[in-house]
Amino acid sequence: MARALRLAERGLYTTMPNPRVGCVIAQGERVVGEGWHRRTGEPHAEVFALREAGDAARGATAYVTLEPCAHHGRTPPCADALIAAGVARVVAAIEDPFPAVAGTGLARLRDAGVAVEHGVLADAARELNRGFLSRVQRGRPWVRVKLAMSLDGRTALANGASKWITGEAARADVQRWRARSSAILTGVGTVLADDPQLTVRLPDGIDFAPPLRVVLDRAARTPAAARVRDASAPTLIVHGRGASVPGVETLAVAATAGRLDLDATLRALAQRGLNEVQVEAGPTLSGALVAAGLVDELLLYVAPTLLGDAGRPLVGLPRIDDMRMRRNLAVVEQRQVGHDIRLLLRPGNA
């Protein structure tokens, strides 16, 4: 199963909106076939593994990181393919919550006389597909807020200058997190101040599906010449009802107290099949998402530098006068990236 999970990771940048899935077929200790899902519309992991195994799949055990599908989508059911190949046993890391599957794949295998188990390395399998599971089970994408700060908690100088707080290695690392995301979300304030392009820049030879660029722009202020609207990647402008942005795809969302409904926005993005959304915005939007309880994890780069107390804060949150009201985070991972420290943090209820 560990090998199957490593195979599934090869689809990290390309399978959206589908989950990342790997499969290993073994006769005892001998691996006879393996595969992974590469991109939407192409065969699933089990099909590639069965092709490689050939006749050796008969009587073998298939280890798969997600319950085999049992419905006709863009490809035929993998459960039927496993049964037809004569696989004797299937071990799944986790069940698939997608309504068209949701236990029916494992049930079909059992009905055909195939021995079935699940729950092996389940936590690792869930971690790999946080976005897919969030979209299917909660109706909204997995939201990751990317931030960079100095040791004294500042994201920019008082005049807004922020290039570059972190080093080259950290900036390259961000590109890989972008590549695994279904969308990169920012606010119109960041567009007007920095004119970011919000595209993925990876070394040649690394395949990825360009994430959708999403701009929250209640009053439709995004300039026609903004780089976020160029042809290098798809763009969606989310605006308030009554506003309009010609020449680009748009989504109208209700606004309350002058702000777009963030929960409704995320649910609309989930309906488009977006699994992971990476937020790269200023303290106002980042803080609003945190305050609304809509942030699933913070990707925080800490640079060994000081910007002074006049610098801009990390996130804009309401004032707290009681320590019992503080927002505690759990450190999921800590890693040095060049001269900077990368922290992956999640709230206690994530």
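Predicted model: local features only at pLDDT ≥ 70, side-chain atom pairs only at ≥ 80, totals over all residues.
Which residues does Leu82 touch, not counting residues up to four places away in sequence?

Residues are numbered from 1 along each chain as its sequence is written, and side-chain values use heavy atoms, with hydrogens and water left out.

The sheet, then. It is open and mixed, with five strands in the order S2-S1-S3-S4-S5; strands are DSSP runs of E, at least two residues, and helices are runs of H or I, at least four, numbered from the N terminus. Two strands pair if DSSP finds at least two bridges between them. S2 (30–36) and S5 (115–118) are the edge strands, each with a single partner, so one side of each has no neighbour in the sheet. S1 (residues 22–27) pairs with S2 in the antiparallel sense over six bridges, and Val24 has Glu34 in S2 as its bridge partner.

Next, the core. A nonpolar core is a set of buried Ala, Val, Leu, Ile, Met, Phe, Trp, Tyr and Cys residues joined through side-chain atoms within 4.5 Å, and buried means under 20% relative accessible area with a 1.4 Å probe, protein chains only. The largest core has 42 residues, and Leu82 is one of those touching the most other members.

Back to the opening question: Leu82 touches Glu46, Leu50, Ala62, Pro68, Val87, Val90 and Leu109, contact being heavy atoms within 4.5 Å. A second, separate core of 32 residues includes Leu185, Leu260, Leu266 and Leu285.

Technical notes
Buried < 20%, exposed > 50% of the residue type's maximum accessible area, 1.4 Å probe, protein only.
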